[in-house]
Amino acid sequence: MSKTFKLPEAGLEVVVGKFAGQADGAAWMKCGDNVVLATAVMGKEEREFMGFLPLTVEYREKTSAAGRIPGGYIKREGRLSDTEVLTSRVIDRTIRPLFPADFFSEIQLMATVYSADGHYPLSVMSIIGASIALGLSQMPFLGPIGAVLVGRIDGKLVFNLGLEQDATSDTHILIAGNRDGICMVEGNCELLSEAEMVDLFLAAHEEIKKQVVWQDSIIAECGKKKIDTTAKFDWHHHQAQVDAWVAGNQVAQSMFAPSKQESSAQLKAKKVAFHDAFSKHPEDHGVSTAVLNYMFETAMKEQLPDLIIAKGHRFDGRGMEDVRAISSEVSLLPQVHGSSLFQRGQTQAIACVTLGTAQDAQKVERLVEGVQERPFMLHYNFPPFSVGEARPVRSVGRREVGHGYLAENSFLKVIPTQTDFPYTIRAVVDILECNGSSSMATVCSTTLALMDAGVPLKEMVAGIAMGLVKDSSDNYHVLTDLLGSEDALGLMDFKVTGSDKGIRAIQMDIKAKKGLSRELLQTALERAKTAREYILDEMRKTLSAPRSEISDKAPKVTQLNIPVDKIGVVIGPSGKVIKEIIAQTDTQIDIEDDGSVRIYAKDSSAARRAEQWIRVLVGDIQDGAVFNGVIKRFAEFGLFVELVPGKDGLLHVSSIAKDKQKNLTQLYRVNDVLRVRVVSSDPETGRIKLFAPDLAPTNEK
């Protein structure tokens, strides 16, 4: 039976029981003219234990939702766009930790956008819809969860931004959480302080708690009975045996080593001994290798925090607040416009920056906004050799898209405007070696490469990853500059980027079932600030400011403005004129609807010729301008010289020396080049008066 539930203060409405009846849970979410269907289905067939929760999340945007037909030759939706990938990741990161530790059934969660007007964030509707769908199902989801998109306009927080508000907001942060606290954070901002960020978190959580109470009432009325997750074998008995073996054989001690390779080798030897020992226990018959491996890792996660606290240092010998050793260099790639190598511990990132023309900007088709240009791109790559693996190299994965966009968000408000720096900028970062925090190394290496390329950044940006572990006494400990192994055993992965002045971008995943206190959040952010400032100081030892000149291998740009009514004159019928200018001057020219013109050229003389050509066509000819003109016609009163194709000027006979007037046609012929200078020009009539130094009387040269 169909039922409708409303949350008026958020403008939300959900219909339950009418759509997707064969899904285990389905929520038809509405807000204004926006409609999102969220469905949750649990696999019906029992599969071999995989060692992790096999959760698949797909967020899809139908172009029909905005009244459009897909572009290109194939008129149907294809692979996920970057926006869809990022939203899918956000939903996944929010809900994945909120299942029991012993629940491993296959889950497929889908959120499909069927109608969109741009006045409410679809990501928020999808997260809430996913929570309701899971809550209505038989799956043991430890929700509900809510979500809000937070902005700041004129210094005031605004929740659930629409497109119009988002355009004027200096902050764009998506926050999800449950009744106890924050679960996930993603976004960018304009120099929020650490205290302001915590206040934002807590204000968002108050809104989230209202959504959670609303969902509780829906699930209580319409939800299915949750399944029993009790394992077929005595999970706790086996886990206790594994815990005892791991502790008795001091397995956790093997993680403490100067390098990732040493700790991996020690742990591998311990793991071989572990499997040998348990294969001899007849009472363990039927426990698969995958289950044993999972229990082994669980035991390590439980025991390592206490060992770290007891030793007073981390795996690589660092204290809780220490940053790994940092080194960097720039200009290591001769043919690249800007390059850098940044290393922090055993994480190494190489960045390459390319400066292109406005035509190189990526065209991105968004659901509601339509086609938009992306003049700054940051692409992150994670090749298998970076972690010593040999595996197939496939197309870009969700992780690479997510890490790239997190890093790109850090620069959105420090990259110069197109007016100030009219280049398309592409940064490509390859991770050459990784032991955690590669996305933050990406931010640091990109900053140095951009400055090496001469991009006038407003300020330098660095990033740091923070973690959190809990000991057996339920005390929390914040870790600065996470290792990969620390990320796996911790309760928080908190990435913060920014400058000396404040935070630029943030991403946080809380793996704990309950939220964190204000004090813990404040501590993590304050320590992130200290680490960020230290990293920036280290980076400044290599390069402290953008180079004053761009690379001589990058195109040079000349900017001018022409009257809007003269744009057609420059372009010509079917683009004939502009194509001729480009071909003859070897330049690239972009003309905007407001009359702004950008000329890109490798050669400054070519750019100057193209600029002169355009100025002549629109009647913007400066007195005194010099041209290498072409003689087109002789007349009794002088000769006509073509300054640019289609535009002639008159060199009057009165400005030619008398001794040269008599044999002028012998000295010059039609199509000969003659250097001339503009004496005057009349924009109304188009007449141009010229002077030729080589033909002038001696006393006038």
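The points below go through a predicted model, from the whole chain down to single residues.

1. Overall content. The chain of this predicted model holds 16 helices and 29 strands, and its C-alpha atoms fill a box of roughly 120 × 60 × 45 Å along the principal axes. Of its 701 residues, 51% count as buried. Among the contacts in the chain with a separation of 6 or more, 68% are accounted for by residues 24 or more positions apart.

2. Nonpolar cores. The largest nonpolar core has 111 residues, and within it Ile175, Phe201 and Phe494 touch the most other members. Leaving out residues up to four places away in sequence, Ile175 touches Gly146, Ala147, Val148, Val150, Ile182, Met184, Val185, Leu200, Phe201, Ala204 and Ile208. Another core, of 55 residues, lies apart from it and includes Val16, Met29, Ala130 and Ala176.

3. The packing of α4 and α11. Helix α4 (residues 194-222) packs against helix α11 (residues 518-540) at an angle of about 145°, the two axes being 9 Å apart, and the crossing of α4 and α11 is right-handed. On the side of α4 the contact is made by Glu194, Ala195, Met197, Val198, Asp199, Phe201 and Leu202, while α11 contributes Arg518, Leu521, Gln522, Leu525, Glu526, Lys529 and Arg532. By type, the residues of the contact of α4 with α11 divide into seven nonpolar, one polar and six charged. Phe201, on the α4 side of this contact, is also one of the residues named above for touching the most other members of the largest nonpolar core.

4. An open sheet with the order β22-β24-β23 is paired in the antiparallel sense. Because β22 (556-561) and β23 (588-591) stand at the edges with a single partner strand each, one side of each is left without a neighbour in the sheet. From one strand to the next the twist averages 15°. Six bridges join β22 to the antiparallel strand β24 (residues 596-601), and Asn561 stands opposite Ser596 in β24. Helix α14 (residues 604-617) packs on this sheet and touches β22, β23 and β24, with its direction making about 150° with that of β24.

5. The hairpin of β26 and β27. Strand β26 (residues 638-644) pairs with strand β27 (residues 647-652) over six bridges, in the antiparallel sense, and Phe640 stands opposite Leu650 in β27. This hairpin has two residues between its strands, and Gly646 takes a positive phi near 90° there.

6. Thr347. This residue lies in strand β13 (residues 347-356). With a relative accessible area of 1%, under the 20% limit, Thr347 is therefore buried. Apart from its neighbours within four places in sequence, Thr347 is in contact with Arg324, Phe342, Glu433, Cys434, Asn435, Gly436, Ser437, Ser438 and Ala441. Thr347 and Ala441 are 94 residues apart along the chain, yet their C-alpha atoms are separated by 7.3 Å.

7. Gln138. The place of this residue is in the loop between α2 (122-136) and β7 (146-153). Its relative accessibility is 14%, so Gln138 counts as buried. Not counting residues up to four places away in sequence, Gln138 touches Asp24, Met42, Lys224, Lys225, Lys226 and Ile227.

Terms used
Residues are numbered from 1 along each chain as its sequence is written. This is a predicted model: local features need pLDDT of at least 70, side-chain atom pairs count only at pLDDT 80 or more; totals for chains, interfaces and linings use all residues. Side-chain values use heavy atoms; hydrogens and water are left out. Helices (H or I, at least four residues) and strands (E, at least two) are DSSP runs, numbered from the N terminus. Buried means under 20% relative accessible area, exposed over 50%, partly exposed in between (1.4 Å probe, protein chains only). Contact means heavy atoms within 4.5 Å. Two strands pair if DSSP finds at least two bridges between them. Axes are lines fitted to C-alpha atoms, for helices over the stretch in contact, and angles run from 0 to 180 degrees between N-to-C directions. A nonpolar core is a set of buried Ala, Val, Leu, Ile, Met, Phe, Trp, Tyr and Cys residues joined through side-chain atoms within 4.5 Å. A crossing is left-handed if the near helix is turned anticlockwise from the far one by less than a right angle, and right-handed if clockwise. Ala, Val, Leu, Ile, Met, Phe, Trp, Tyr, Cys and Pro count as nonpolar, Asp, Glu, Lys and Arg as charged, and the others, Gly among them, as polar.
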